[in-house]
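Please look at the structure below together with the notes that follow it. They go through a few backbone details and then turn to the ligand.

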Amino acid sequence: MVEQTHAAHTPIARKAPLPAASDLYNIDHLLSEEERMVRDTVRKFVRERVLPIIGTHFEAGTFPRELVSEIAALGLLGMHLEGYGCAGLSAVCYGLVCQELEAGDSGIRSFVSVQGSLAMYPIWAFGSEAQKEHWLPRMARGEAIGCFGLTEPDRGSDAAHMQTSARLDGDAYILNGTKMWITNGSIADVAVVWAQTSEGIRGFLVERGTPGFSTSNIHQKLSLRASVTSELHFSDCRVPAQNMLPNVLGMRGPLSCLNEARYGIAWGVTGAARTCYETALEYAKTRIQFGRPIAGFQLVQNKLVIMATELIKAQLLALQLGRLKDEGLMHPVQISLAKRNNVREALHTAREARSVLGANGITLEYPIIRHMNNLESVFTYEGTDDIHTLIIGQAITGENAFS
Ligand code: FAD
(Lines give C-alpha, C1' and ligand atoms only; values in the text may rest on other atoms or scores of the structure.)
Protein backbone atom coordinates (compact mmCIF):
# COMPACT_ATOMS: atom_id res chain seq x y z
CA MET A 1 0.00 0.00 0.00
CA VAL A 2 2.72 2.43 1.05
CA GLU A 3 4.65 1.89 -2.18
CA GLN A 4 1.53 2.49 -4.26
CA THR A 5 0.91 5.82 -2.51
CA HIS A 6 4.43 6.95 -3.33
CA ALA A 7 4.09 5.84 -6.93
CA ALA A 8 0.80 7.71 -7.22
CA HIS A 9 2.29 10.92 -5.87
CA THR A 10 5.56 11.03 -7.77
CA PRO A 11 4.19 11.84 -11.25
CA ILE A 12 1.99 14.63 -9.84
CA ALA A 13 5.03 16.25 -8.22
CA ARG A 14 6.96 15.94 -11.48
CA LYS A 15 4.17 17.72 -13.37
CA ALA A 16 4.20 20.80 -11.10
CA PRO A 17 5.08 23.80 -13.26
CA LEU A 18 8.48 25.41 -12.67
CA PRO A 19 7.96 28.86 -11.13
CA ALA A 20 9.46 31.96 -12.77
CA ALA A 21 13.25 32.32 -12.74
CA SER A 22 12.96 35.13 -10.17
CA ASP A 23 11.13 32.83 -7.71
CA LEU A 24 12.42 29.40 -8.61
CA TYR A 25 11.48 27.93 -5.23
CA ASN A 26 7.95 29.30 -5.18
CA ILE A 27 8.52 31.32 -2.02
CA ASP A 28 5.47 33.32 -3.09
CA HIS A 29 3.48 30.23 -2.08
CA LEU A 30 4.68 30.61 1.52
CA LEU A 31 3.16 34.09 1.85
CA SER A 32 -0.37 34.95 2.93
CA GLU A 33 -2.77 36.94 0.78
CA GLU A 34 -2.16 40.05 2.92
CA GLU A 35 1.62 39.65 2.71
CA ARG A 36 1.49 39.36 -1.08
CA MET A 37 -0.74 42.43 -1.27
CA VAL A 38 1.63 44.56 0.84
CA ARG A 39 4.60 43.36 -1.23
CA ASP A 40 2.92 44.03 -4.55
CA THR A 41 1.77 47.51 -3.49
CA VAL A 42 5.31 48.53 -2.59
CA ARG A 43 6.75 46.82 -5.69
CA LYS A 44 4.41 48.92 -7.84
CA PHE A 45 5.37 52.09 -5.97
CA VAL A 46 9.07 51.36 -6.52
CA ARG A 47 8.55 50.60 -10.21
CA GLU A 48 6.47 53.71 -10.87
CA ARG A 49 7.93 56.30 -8.49
CA VAL A 50 11.46 55.23 -7.47
CA LEU A 51 13.05 53.63 -10.52
CA PRO A 52 12.43 56.54 -12.92
CA ILE A 53 14.37 58.99 -10.71
CA ILE A 54 16.77 57.04 -8.55
CA GLY A 55 19.70 56.85 -11.00
CA THR A 56 19.65 60.64 -11.40
CA HIS A 57 19.58 61.17 -7.65
CA PHE A 58 22.39 58.66 -7.14
CA GLU A 59 24.52 60.43 -9.74
CA ALA A 60 23.77 63.86 -8.27
CA GLY A 61 24.28 62.64 -4.70
CA THR A 62 20.82 63.80 -3.59
CA PHE A 63 18.08 62.19 -1.51
CA PRO A 64 14.67 62.09 -3.29
CA ARG A 65 12.89 63.96 -0.54
CA GLU A 66 9.82 64.34 -2.74
CA LEU A 67 9.07 60.65 -2.08
CA VAL A 68 8.77 61.02 1.71
CA SER A 69 5.08 62.03 1.76
CA GLU A 70 4.22 59.21 -0.66
CA ILE A 71 6.10 56.65 1.43
CA ALA A 72 4.24 57.96 4.49
CA ALA A 73 0.89 57.79 2.68
CA LEU A 74 1.56 54.09 2.03
CA GLY A 75 1.88 53.64 5.81
CA LEU A 76 5.54 52.57 5.63
CA LEU A 77 7.01 54.88 8.30
CA GLY A 78 7.04 53.02 11.62
CA MET A 79 4.96 50.38 9.87
CA HIS A 80 5.77 47.64 12.42
CA LEU A 81 4.73 49.72 15.45
CA GLU A 82 1.29 49.69 17.06
CA GLY A 83 -0.72 52.82 17.81
CA TYR A 84 0.20 56.53 17.49
CA GLY A 85 -0.80 56.53 13.82
CA CYS A 86 1.48 53.61 12.89
CA ALA A 87 0.31 50.81 10.60
CA GLY A 88 0.99 47.88 12.99
CA LEU A 89 2.09 45.49 10.24
CA SER A 90 3.55 42.04 10.97
CA ALA A 91 7.29 41.47 10.93
CA VAL A 92 7.03 39.51 7.68
CA CYS A 93 5.14 42.38 6.02
CA TYR A 94 7.78 44.81 7.28
CA GLY A 95 10.47 42.57 5.79
CA LEU A 96 8.70 42.31 2.44
CA VAL A 97 8.43 46.11 2.31
CA CYS A 98 12.17 46.40 2.94
CA GLN A 99 12.83 43.84 0.22
CA GLU A 100 10.82 45.80 -2.34
CA LEU A 101 12.23 49.21 -1.34
CA GLU A 102 15.78 47.92 -1.59
CA ALA A 103 15.05 46.34 -4.96
CA GLY A 104 14.82 50.02 -5.90
CA ASP A 105 17.73 51.41 -3.89
CA SER A 106 19.39 50.76 -0.52
CA GLY A 107 19.18 54.50 0.18
CA ILE A 108 15.38 54.47 0.12
CA ARG A 109 15.26 51.40 2.36
CA SER A 110 17.79 53.06 4.66
CA PHE A 111 15.57 56.12 4.98
CA VAL A 112 12.60 53.96 5.97
CA SER A 113 14.71 51.77 8.32
CA VAL A 114 16.19 54.76 10.13
CA GLN A 115 12.87 56.54 10.46
CA GLY A 116 10.93 53.48 11.66
CA SER A 117 13.45 51.26 13.44
CA LEU A 118 16.12 53.64 14.70
CA ALA A 119 14.21 56.87 15.42
CA MET A 120 10.54 55.97 15.97
CA TYR A 121 11.17 52.60 17.64
CA PRO A 122 13.21 53.96 20.61
CA ILE A 123 10.58 56.65 21.22
CA TRP A 124 7.83 54.00 21.01
CA ALA A 125 9.67 51.47 23.21
CA PHE A 126 11.48 53.70 25.71
CA GLY A 127 9.85 57.14 25.52
CA SER A 128 7.45 58.87 27.91
CA GLU A 129 3.81 59.12 26.90
CA ALA A 130 4.33 62.82 26.13
CA GLN A 131 7.32 62.04 23.87
CA LYS A 132 5.33 59.36 22.02
CA GLU A 133 2.33 61.59 21.47
CA HIS A 134 4.47 64.52 20.40
CA TRP A 135 6.65 62.72 17.85
CA LEU A 136 5.21 59.41 16.62
CA PRO A 137 2.08 60.54 14.73
CA ARG A 138 4.04 63.30 12.95
CA MET A 139 6.85 60.91 12.11
CA ALA A 140 4.40 58.31 10.76
CA ARG A 141 2.92 61.01 8.50
CA GLY A 142 6.41 61.98 7.30
CA GLU A 143 5.99 65.50 8.69
CA ALA A 144 8.94 65.03 11.03
CA ILE A 145 12.09 63.13 10.08
CA GLY A 146 14.29 61.36 12.61
CA CYS A 147 17.89 60.15 12.76
CA PHE A 148 19.88 57.90 15.12
CA GLY A 149 23.22 59.06 16.49
CA LEU A 150 25.34 56.25 17.88
CA THR A 151 28.57 56.05 15.84
CA GLU A 152 31.38 58.53 16.57
CA PRO A 153 34.58 59.41 14.67
CA ASP A 154 36.67 57.30 17.12
CA ARG A 155 34.03 54.78 18.26
CA GLY A 156 32.47 52.71 15.50
CA SER A 157 32.12 49.00 16.25
CA ASP A 158 33.13 49.75 19.85
CA ALA A 159 30.11 52.02 20.40
CA ALA A 160 29.79 51.04 24.07
CA HIS A 161 32.85 53.21 24.77
CA MET A 162 31.28 56.29 23.16
CA GLN A 163 32.74 59.65 24.17
CA THR A 164 29.69 61.88 23.74
CA SER A 165 28.62 62.95 27.22
CA ALA A 166 25.45 64.31 28.81
CA ARG A 167 25.77 66.04 32.18
CA LEU A 168 22.71 66.88 34.25
CA ASP A 169 22.54 70.60 35.06
CA GLY A 170 19.31 71.65 36.79
CA ASP A 171 16.39 70.89 34.47
CA ALA A 172 18.56 70.07 31.44
CA TYR A 173 21.36 67.83 30.20
CA ILE A 174 24.46 69.43 28.64
CA LEU A 175 25.58 67.39 25.60
CA ASN A 176 29.11 67.48 24.20
CA GLY A 177 30.59 65.33 21.44
CA THR A 178 30.37 64.37 17.77
CA LYS A 179 28.36 61.65 16.03
CA MET A 180 29.46 60.51 12.57
CA TRP A 181 27.98 58.68 9.59
CA ILE A 182 24.44 59.54 10.62
CA THR A 183 21.78 58.74 8.02
CA ASN A 184 19.18 61.54 7.62
CA GLY A 185 21.31 63.67 10.00
CA SER A 186 21.00 67.10 8.40
CA ILE A 187 17.37 66.66 7.31
CA ALA A 188 16.18 65.37 10.67
CA ASP A 189 13.75 67.29 12.86
CA VAL A 190 14.71 65.11 15.80
CA ALA A 191 17.92 63.23 16.52
CA VAL A 192 17.90 60.23 18.86
CA VAL A 193 21.34 60.66 20.42
CA TRP A 194 23.08 58.17 22.71
CA ALA A 195 25.45 59.60 25.30
CA GLN A 196 27.34 58.69 28.48
CA THR A 197 25.74 60.00 31.68
CA SER A 198 26.70 59.50 35.34
CA GLU A 199 24.22 56.57 35.36
CA GLY A 200 25.37 54.95 32.10
CA ILE A 201 24.32 55.31 28.46
CA ARG A 202 21.09 57.23 27.90
CA GLY A 203 19.10 58.27 24.82
CA PHE A 204 18.11 61.91 24.19
CA LEU A 205 15.69 63.50 21.74
CA VAL A 206 17.50 66.54 20.38
CA GLU A 207 15.38 68.84 18.27
CA ARG A 208 16.74 70.57 15.22
CA GLY A 209 17.56 74.21 16.06
CA THR A 210 18.54 73.50 19.68
CA PRO A 211 21.40 75.92 20.48
CA GLY A 212 24.75 74.09 20.48
CA PHE A 213 23.52 71.42 18.01
CA SER A 214 24.70 71.60 14.38
CA THR A 215 25.11 69.19 11.47
CA SER A 216 27.35 68.92 8.44
CA ASN A 217 27.03 66.52 5.52
CA ILE A 218 29.63 63.92 4.57
CA HIS A 219 30.60 64.34 0.92
CA GLN A 220 32.57 62.31 -1.65
CA LYS A 221 30.62 59.12 -0.85
CA LEU A 222 30.60 56.60 -3.68
CA SER A 223 27.98 54.47 -1.92
CA LEU A 224 24.43 55.27 -0.71
CA ARG A 225 24.62 58.45 -2.75
CA ALA A 226 20.82 58.84 -2.76
CA SER A 227 20.86 59.02 1.04
CA VAL A 228 21.89 61.86 3.36
CA THR A 229 24.84 60.99 5.66
CA SER A 230 25.92 63.58 8.22
CA GLU A 231 27.93 64.47 11.27
CA LEU A 232 26.13 65.75 14.37
CA HIS A 233 28.02 68.22 16.56
CA PHE A 234 27.12 68.99 20.18
CA SER A 235 28.84 71.86 21.90
CA ASP A 236 27.43 72.61 25.36
CA CYS A 237 24.04 71.75 23.87
CA ARG A 238 21.34 72.20 26.52
CA VAL A 239 18.63 69.54 26.13
CA PRO A 240 15.58 69.69 28.44
CA ALA A 241 15.65 66.79 30.93
CA GLN A 242 12.18 65.75 29.77
CA ASN A 243 13.76 64.93 26.35
CA MET A 244 15.70 62.04 27.88
CA LEU A 245 14.24 58.60 27.04
CA PRO A 246 13.20 57.53 30.56
CA ASN A 247 12.67 53.81 30.11
CA VAL A 248 16.06 52.44 29.09
CA LEU A 249 19.59 52.57 30.47
CA GLY A 250 22.79 51.17 28.96
CA MET A 251 23.61 49.62 25.57
CA ARG A 252 20.32 47.69 25.61
CA GLY A 253 18.74 50.90 24.26
CA PRO A 254 20.73 51.35 21.03
CA LEU A 255 21.20 47.59 20.55
CA SER A 256 17.48 46.87 20.60
CA CYS A 257 16.98 49.56 17.92
CA LEU A 258 19.78 48.01 15.87
CA ASN A 259 18.11 44.60 16.14
CA GLU A 260 14.97 46.05 14.55
CA ALA A 261 16.93 47.69 11.74
CA ARG A 262 19.22 44.71 11.12
CA TYR A 263 16.15 42.55 10.73
CA GLY A 264 14.97 44.85 7.94
CA ILE A 265 18.39 44.75 6.29
CA ALA A 266 18.38 40.94 6.19
CA TRP A 267 15.25 41.22 4.05
CA GLY A 268 16.13 44.41 2.19
CA VAL A 269 19.29 43.14 0.55
CA THR A 270 17.40 40.25 -1.02
CA GLY A 271 15.64 42.93 -3.08
CA ALA A 272 18.94 44.44 -4.24
CA ALA A 273 20.23 40.94 -5.08
CA ARG A 274 17.04 40.13 -7.02
CA THR A 275 17.36 43.25 -9.15
CA CYS A 276 21.00 42.46 -9.95
CA TYR A 277 20.23 38.83 -10.79
CA GLU A 278 17.23 39.67 -12.99
CA THR A 279 19.18 42.37 -14.82
CA ALA A 280 22.08 40.00 -15.49
CA LEU A 281 19.73 37.22 -16.64
CA GLU A 282 17.90 39.44 -19.13
CA TYR A 283 21.15 40.89 -20.40
CA ALA A 284 22.72 37.45 -20.84
CA LYS A 285 19.77 36.26 -22.92
CA THR A 286 20.12 39.09 -25.44
CA ARG A 287 23.84 39.88 -25.51
CA ILE A 288 25.41 38.07 -28.49
CA GLN A 289 29.09 37.13 -28.51
CA PHE A 290 30.79 34.47 -30.62
CA GLY A 291 27.52 34.13 -32.53
CA ARG A 292 25.21 33.21 -29.64
CA PRO A 293 23.65 34.70 -26.50
CA ILE A 294 26.18 34.73 -23.67
CA ALA A 295 23.48 32.96 -21.57
CA GLY A 296 24.42 29.87 -23.58
CA PHE A 297 27.97 29.75 -22.22
CA GLN A 298 28.60 27.46 -19.24
CA LEU A 299 30.63 30.02 -17.31
CA VAL A 300 27.82 32.59 -17.53
CA GLN A 301 25.21 30.00 -16.57
CA ASN A 302 27.31 29.06 -13.56
CA LYS A 303 27.23 32.65 -12.35
CA LEU A 304 23.47 32.93 -12.88
CA VAL A 305 22.78 29.62 -11.13
CA ILE A 306 24.81 30.68 -8.09
CA MET A 307 22.93 34.00 -8.00
CA ALA A 308 19.53 32.29 -8.22
CA THR A 309 20.44 29.74 -5.55
CA GLU A 310 21.84 32.29 -3.09
CA LEU A 311 18.79 34.50 -3.60
CA ILE A 312 16.46 31.65 -2.65
CA LYS A 313 18.56 30.74 0.39
CA ALA A 314 18.64 34.37 1.55
CA GLN A 315 14.88 34.77 1.12
CA LEU A 316 14.19 31.59 3.07
CA LEU A 317 16.48 32.74 5.90
CA ALA A 318 14.70 36.10 6.00
CA LEU A 319 11.25 34.54 5.90
CA GLN A 320 11.96 32.09 8.72
CA LEU A 321 13.46 34.95 10.76
CA GLY A 322 10.28 36.93 10.15
CA ARG A 323 8.03 34.05 11.17
CA LEU A 324 10.07 33.66 14.39
CA LYS A 325 9.82 37.42 15.04
CA ASP A 326 6.06 37.38 14.56
CA GLU A 327 5.80 34.55 17.09
CA GLY A 328 8.05 36.37 19.57
CA LEU A 329 10.71 33.66 19.19
CA MET A 330 13.47 35.55 17.35
CA HIS A 331 16.93 35.72 18.99
CA PRO A 332 19.45 38.50 18.14
CA VAL A 333 22.04 35.88 17.09
CA GLN A 334 19.61 34.73 14.39
CA ILE A 335 19.41 38.32 13.14
CA SER A 336 23.21 38.45 12.96
CA LEU A 337 23.27 35.21 10.99
CA ALA A 338 20.73 36.48 8.45
CA LYS A 339 22.23 39.99 8.18
CA ARG A 340 25.73 38.60 7.68
CA ASN A 341 24.79 35.93 5.16
CA ASN A 342 22.31 37.94 3.14
CA VAL A 343 24.46 41.07 2.78
CA ARG A 344 27.50 38.96 1.87
CA GLU A 345 25.59 37.05 -0.78
CA ALA A 346 23.85 40.16 -2.13
CA LEU A 347 27.22 41.85 -2.54
CA HIS A 348 28.66 38.77 -4.22
CA THR A 349 25.63 38.61 -6.50
CA ALA A 350 26.01 42.30 -7.42
CA ARG A 351 29.68 41.83 -8.30
CA GLU A 352 29.02 38.73 -10.41
CA ALA A 353 26.03 40.36 -12.10
CA ARG A 354 28.19 43.38 -12.89
CA SER A 355 30.69 41.11 -14.61
CA VAL A 356 27.95 39.51 -16.75
CA LEU A 357 27.19 42.95 -18.21
CA GLY A 358 30.83 43.51 -19.14
CA ALA A 359 31.58 47.20 -19.76
CA ASN A 360 27.90 48.07 -19.71
CA GLY A 361 27.90 46.96 -16.08
CA ILE A 362 29.88 49.98 -14.95
CA THR A 363 27.33 52.57 -16.08
CA LEU A 364 24.26 53.92 -14.30
CA GLU A 365 22.23 52.92 -17.37
CA TYR A 366 21.84 49.63 -15.51
CA PRO A 367 21.09 49.42 -11.77
CA ILE A 368 23.79 46.91 -10.85
CA ILE A 369 26.78 49.10 -10.04
CA ARG A 370 24.53 51.39 -8.00
CA HIS A 371 23.40 48.40 -5.94
CA MET A 372 26.95 47.05 -5.76
CA ASN A 373 28.30 50.31 -4.35
CA ASN A 374 25.35 50.70 -1.97
CA LEU A 375 25.86 47.21 -0.61
CA GLU A 376 29.41 48.10 0.46
CA SER A 377 27.83 50.44 3.04
CA VAL A 378 25.24 47.86 4.05
CA PHE A 379 28.10 45.37 4.59
CA THR A 380 29.60 47.84 7.10
CA TYR A 381 26.70 49.55 8.85
CA GLU A 382 24.44 48.09 11.51
CA GLY A 383 27.34 45.94 12.68
CA THR A 384 30.07 45.07 10.21
CA ASP A 385 30.29 41.61 8.66
CA ASP A 386 33.16 40.91 11.09
CA ILE A 387 31.16 41.97 14.14
CA HIS A 388 28.27 39.68 13.19
CA THR A 389 30.78 36.84 12.70
CA LEU A 390 32.02 37.45 16.25
CA ILE A 391 28.47 37.52 17.63
CA ILE A 392 27.65 34.17 16.01
CA GLY A 393 31.07 32.77 16.94
CA GLN A 394 30.57 33.67 20.58
CA ALA A 395 27.08 32.14 20.57
CA ILE A 396 28.22 28.80 19.20
CA THR A 397 31.55 28.48 21.05
CA GLY A 398 30.89 30.36 24.27
CA GLU A 399 34.18 32.25 23.67
CA ASN A 400 34.31 36.06 23.38
CA ALA A 401 36.67 37.02 20.51
CA PHE A 402 35.81 40.74 20.44
CA SER A 403 38.71 42.03 22.50
P1 FAD B 1 35.47 50.32 12.71
O2 FAD B 1 34.69 49.94 13.91
O3 FAD B 1 36.62 51.24 12.89
O4 FAD B 1 35.96 49.01 11.99
C5 FAD B 1 36.97 49.00 10.98
C6 FAD B 1 37.25 47.55 10.60
O7 FAD B 1 37.74 46.85 11.75
C8 FAD B 1 36.00 46.81 10.13
O9 FAD B 1 36.34 45.92 9.11
C10 FAD B 1 35.59 46.04 11.38
O11 FAD B 1 34.83 44.88 11.07
C12 FAD B 1 36.93 45.71 11.99
N13 FAD B 1 36.83 45.47 13.43
C14 FAD B 1 36.46 46.33 14.41
N15 FAD B 1 36.47 45.73 15.60
C16 FAD B 1 36.83 44.44 15.39
C17 FAD B 1 37.02 43.29 16.22
N18 FAD B 1 36.79 43.32 17.53
N19 FAD B 1 37.40 42.14 15.63
C20 FAD B 1 37.61 42.06 14.30
N21 FAD B 1 37.45 43.10 13.46
C22 FAD B 1 37.07 44.28 13.99
N23 FAD B 1 25.86 54.96 12.48
C24 FAD B 1 24.87 55.51 13.26
O25 FAD B 1 25.01 55.60 14.48
N26 FAD B 1 23.71 55.98 12.68
C27 FAD B 1 23.49 55.93 11.35
O28 FAD B 1 22.44 56.36 10.87
C29 FAD B 1 24.51 55.38 10.51
N30 FAD B 1 24.38 55.38 9.14
C31 FAD B 1 25.44 55.00 8.35
C32 FAD B 1 25.37 55.18 6.96
C33 FAD B 1 26.43 54.83 6.16
C34 FAD B 1 26.37 55.08 4.69
C35 FAD B 1 27.60 54.25 6.73
C36 FAD B 1 28.75 53.83 5.87
C37 FAD B 1 27.69 54.07 8.10
C38 FAD B 1 26.61 54.47 8.93
N39 FAD B 1 26.71 54.37 10.33
C40 FAD B 1 25.71 54.90 11.13
C41 FAD B 1 27.95 53.93 10.95
C42 FAD B 1 28.17 52.44 10.95
O43 FAD B 1 27.28 51.82 11.84
C44 FAD B 1 29.65 52.18 11.31
O45 FAD B 1 30.37 52.56 10.14
C46 FAD B 1 29.94 50.75 11.71
O47 FAD B 1 29.42 50.48 12.98
C48 FAD B 1 31.45 50.44 11.72
O49 FAD B 1 32.15 51.41 12.42
P50 FAD B 1 33.45 52.09 11.74
O51 FAD B 1 33.08 52.53 10.36
O52 FAD B 1 33.95 53.13 12.69
O53 FAD B 1 34.49 50.94 11.58
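Gly 358, whose phi is positive, near 55°, follows α9; helices (H or I, at least four residues) and strands (E, at least two) are DSSP runs, numbered from the N terminus. This is a predicted model, in which local features need pLDDT of at least 70, side-chain atom pairs count only at pLDDT 80 or more, and totals for chains, interfaces and linings use all residues. Residues are numbered from 1 along each chain as its sequence is written, and side-chain values use heavy atoms, with hydrogens and water left out.

**Backbone**

- Helix α9 (residues 332–356) has 25 residues and should span 36 Å at 1.5 Å a residue, which agrees with its end C-alpha atoms being 36 Å apart; the expected span is 1.5 Å times one less than the number of residues.
- Most residues other than glycine have a negative phi.
- Trp 181, although not a glycine, has a positive phi of about 65°, and this residue is found in strand β3.
- Gln 220 is not a glycine either, yet its phi is positive at about 60°; Gln 220 lies in the loop between β6 (213–217) and β7 (229–240).

**Residues around the ligand**

- The ligand is surrounded by 17 residues, and the closest are Thr 151, Ser 157, Trp 181, Thr 384 and Asp 386; a residue is near a molecule if one of its heavy atoms lies within 4 Å of it.
- At least two residues of this shell come from each of β3 (172–183), α10 (368–380) and α11 (385–397), and β3 gives the largest share, three residues.

**Contacts with the ligand**

- A polar contact is a pair of N or O atoms within 3.5 Å.
- A nitrogen atom of the ligand lies 2.9 Å from a backbone N or O atom of Phe 148, and a polar side-chain atom of Thr 151 lies 2.7 Å from a nitrogen atom of the ligand.
- An N or O atom in the side chain of Ser 157 is 2.6 Å from an oxygen atom of the ligand.
- The ligand taken alone exposes 980 Å², of which the protein buries 68%, with accessible areas from the Shrake-Rupley method with a 1.4 Å probe.

Terms used: A polar contact is a pair of N or O atoms within 3.5 Å; within protein, one must be able to donate a hydrogen and the other to accept it, and residues adjacent in sequence count only if both atoms are side-chain atoms.
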